[in-house]
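Biologist: I would like to learn how to read a model like this one. Please take me through it feature by feature.

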Amino acid sequence: MCDIRLFRRAWLDFKAAENLLAVPMNDEAYINNVAYHLQQAVEKTLKAFLECVGVTVPNTHDIDKLVRMSKNNGSCAVVTEWIEDKADMLTRWETDTRYDIDYCVEKTKAVTGLEKVREFLEVNGLKEELREELQQDGVKEQLRSFFPKDFEPKDNFEWNCFYQIYRKRLMRYNQGNCIK
C-alpha cells in the first residue's frame, strides 16, 4: 500500500507558502520563500505519486523531469497545464531562491503560483475537505476493498489521497459508472 506521508508534507509546504504570502511583508527574500515552498509542494506531490506506482524516485528537484516520469510510468498524478508550462520556472524556484542571492521572484508570480499550485493539489485530492466523489453512496466502501484488513484512513485528507491513488482501479471496478 502507498505511504501517503509525502502527500501530507507537500500539503504542509503549500500551507507554509499560503501563510507566508498572507503576511504583509514586501521583502524579496520573503517572497522567494513563498516560491520555494510552492515548488516543494509540486515536487513532493509528483514524487509521492511516482512512489505509489513503485518508481524509485531520483534525487532531483527538476519538475519537468518529474512530470515526464509521471506520464511515462503510469502515475495517477493529474498534471495541470500550468504546472507543465511552468516546470522550468518552478525548478528555478527551488534552486535559485536558495543559492542565488540576486534572484528574486516577483510577488505577482508568487500570487499566481499560489493559486495554480492550489488547483494542482486540489485536482490531485490534496485538500482537507472530503472530495465530492467520496460523498457518493458506496464509494468509500469500494475504496476500502483496496485496503488491508482493519485499515482506515485517519481523516478526509487521507481519504482524498487514497481516492486519487486508486481512482483508475475504482473506475475499472465500476466498469465505467459515473465515478471519475
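**Reading the model**

Modeller: Setting aside neighbours within four places in sequence, Leu46 is in contact with Ile63, Leu66, Val67, Ser70, Ala77, Val79 and Phe120, where contact means heavy atoms within 4.5 Å. This is a predicted model, in which local features need pLDDT of at least 70 and side-chain atom pairs count only at pLDDT 80 or more, while totals for chains, interfaces and linings use all residues. Residues are numbered from 1 along each chain as its sequence is written, and side-chain values use heavy atoms, with hydrogens and water left out.

Biologist: Which residues touch the most other members of the largest nonpolar core?

Modeller: A nonpolar core is a set of buried Ala, Val, Leu, Ile, Met, Phe, Trp, Tyr and Cys residues joined through side-chain atoms within 4.5 Å. Buried means under 20% relative accessible area, exposed over 50%, and partly exposed in between, with a 1.4 Å probe and protein chains only. The largest core here has 56 residues, and Phe7, Leu46, Ile63, Ile83, Val117 and Leu143 touch the most other members. At least two residues of this core come from each of α1, α2, α3 (63–72), α4 (81–85), α5 (87–99), α6 (107–123), α7 (139–144) and α8 (156–173). Helix α2 gives the most, ten residues. Helices (H or I, at least four residues) are DSSP runs numbered from the N terminus.

Biologist: How many disulfides are there?

Modeller: A disulfide is a pair of cysteine sulfur atoms within 2.5 Å. By that rule there is one disulfide, formed by Cys2 and Cys52 with their sulfur atoms 1.5 Å apart. Cys2 lies in the segment before α1 (5–22) and Cys52 in helix α2 (residues 28–52), so the pair ties together parts that are 50 residues apart in sequence. Cys2 is buried, at 13% relative accessible area, whereas Cys52 is partly exposed, at 21%.

Biologist: At what angle do α1 and α6 cross?

Modeller: Axes are lines fitted to C-alpha atoms, for helices over the stretch in contact, and angles run from 0 to 180 degrees between N-to-C directions. The axes of α1 and α6 cross at roughly 145 degrees and come within 11 Å. On the α1 side the contact is made by Trp11, Phe14, Ala17, Glu18 and Leu21, and on the α6 side by Lys107, Ala110, Val111, Leu114, Val117, Arg118 and Leu121.

Biologist: Is Ala41 buried or exposed?

Modeller: Ala41 is buried, with a relative accessible area of 0%, and has its place in helix α2. Beyond its neighbours within four places in sequence, Ala41 is in contact with Ala10, Asp13, Phe14, Val117 and Leu121.
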